[in-house]
Amino acid sequence: MDYLLLPAFSFFIGIIVGLTGIGGASLITPMLIFVFQVPPSIAISSDVVAATLMKVVGGVKHWQQKTLDLEIVKWLSMGSVSGSLLGVGVLHQLRQTGEHNLDNLLLRLLGVMILIVTFTALIQMLLMTFFPKINLPELPKLNLKTNQGRFLTLLIGAILGFSVGMTSVSSGSMFALAI
């Protein structure tokens with residue numbers, strides 16, 4: 001592994017993530033796998049740890065700038081932390097059974113998640129650009145004053161957290177699109 005090239009690439013990816021809040025795992029994990037030949041299971045877990053450090057710094061800055069909705073953070077966190085632990089637990093069980101080639105499975109899951117994020121963002125951008133006045137069915141509001149709103153927020157967090165635990169993808173991208 002080229003230990004000089006890795007920080008340079010990561011620096012530029014960090015700028016993209018800092019500007020947009022999305023794309024870290026969609027860029028870092030494939031970079032580790034395809035450029036630096038890191039096995040997918042190690043690339044995903046390494047990205048999760050690196051992203052955690054980046055997000056702590058970003059979270060502190062947003063806290064200082066008072067750009068957080070702490071109620072949404074609380075309910076999304078309760079779901080996403082539980083979901084990510086479940087995702088990591090599933091991976092652990094798959095590794096323990098040894099029935100599957102975990103790196104091949106993770107590479108496919110990673111590709112599927114990146115495609116989902118890409119198509120979701122593309123559809124959203126196309127709709128907003130070419131059909132700004134389109135009347136789509138209104139999605140349920142995340143009214144955290146109701147049990148339904150808290151449950152939906154918790155459920156969204158759990159589903160997205162599970163995918164983060166499995167692939168490291170969507171911690172920023174899908175959460176940003178969902179909110």
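1. Buried is taken here as under 20% relative accessible area, exposed as over 50%, and partly exposed as in between, with a 1.4 Å probe and protein chains only. The model is predicted, so local features need pLDDT of at least 70 and side-chain atom pairs count only at pLDDT 80 or more, while totals for chains, interfaces and linings use all residues. Residues are numbered from 1 along each chain as its sequence is written, and side-chain values use heavy atoms, with hydrogens and water left out.

2. Gln37 is not a glycine, yet its phi is positive, about 60°. Gln37 sits in the loop between H2 and H3, and it is exposed, with a relative accessible area of 61%. Helices (H or I, at least four residues) and strands (E, at least two) are DSSP runs, numbered from the N terminus.

3. For context, most residues other than glycine have a negative phi.

4. Helix H3 (residues 40–65) has 26 residues, which should span 38 Å at 1.5 Å a residue; the end C-alpha atoms are 36 Å apart, which agrees. The expected span is 1.5 Å times one less than the number of residues. Buried residues in H3 are Pro40, Ser41, Ala43, Ile44, Asp47 and Ala51. Their cover includes helices H2 (24–35), H4 (70–97), H5 (102–130) and H6 (147–167).

5. Helix H1 (residues 5–20) has 16 residues and reaches 23 Å from first to last C-alpha, close to the expected 22 Å. Leu6, Ile13 and Val17 are buried in H1. They cover an arc of only 50° around the axis, which puts them on the same side of H1; the arc is that of the directions from the helix axis to the C-beta atoms. Phe11, Phe12, Gly18 and Leu19 are exposed on the other side. The buried residues of H1 pack against H2.

6. A nonpolar core is a set of buried Ala, Val, Leu, Ile, Met, Phe, Trp, Tyr and Cys residues joined through side-chain atoms within 4.5 Å. The largest has 15 residues, of which Met31, Leu32, Phe36 and Val169 touch the most other members. H1, H2 and H5 each supply at least two residues of this core, and the largest share, five residues, comes from H2.

7. Beyond its neighbours within four places in sequence, Leu32 is in contact (heavy atoms within 4.5 Å) with Leu6, Gln37, Val38, Ala43 and Ser46. A second, separate core of six residues includes Ile44, Leu94, Leu102 and Met166.
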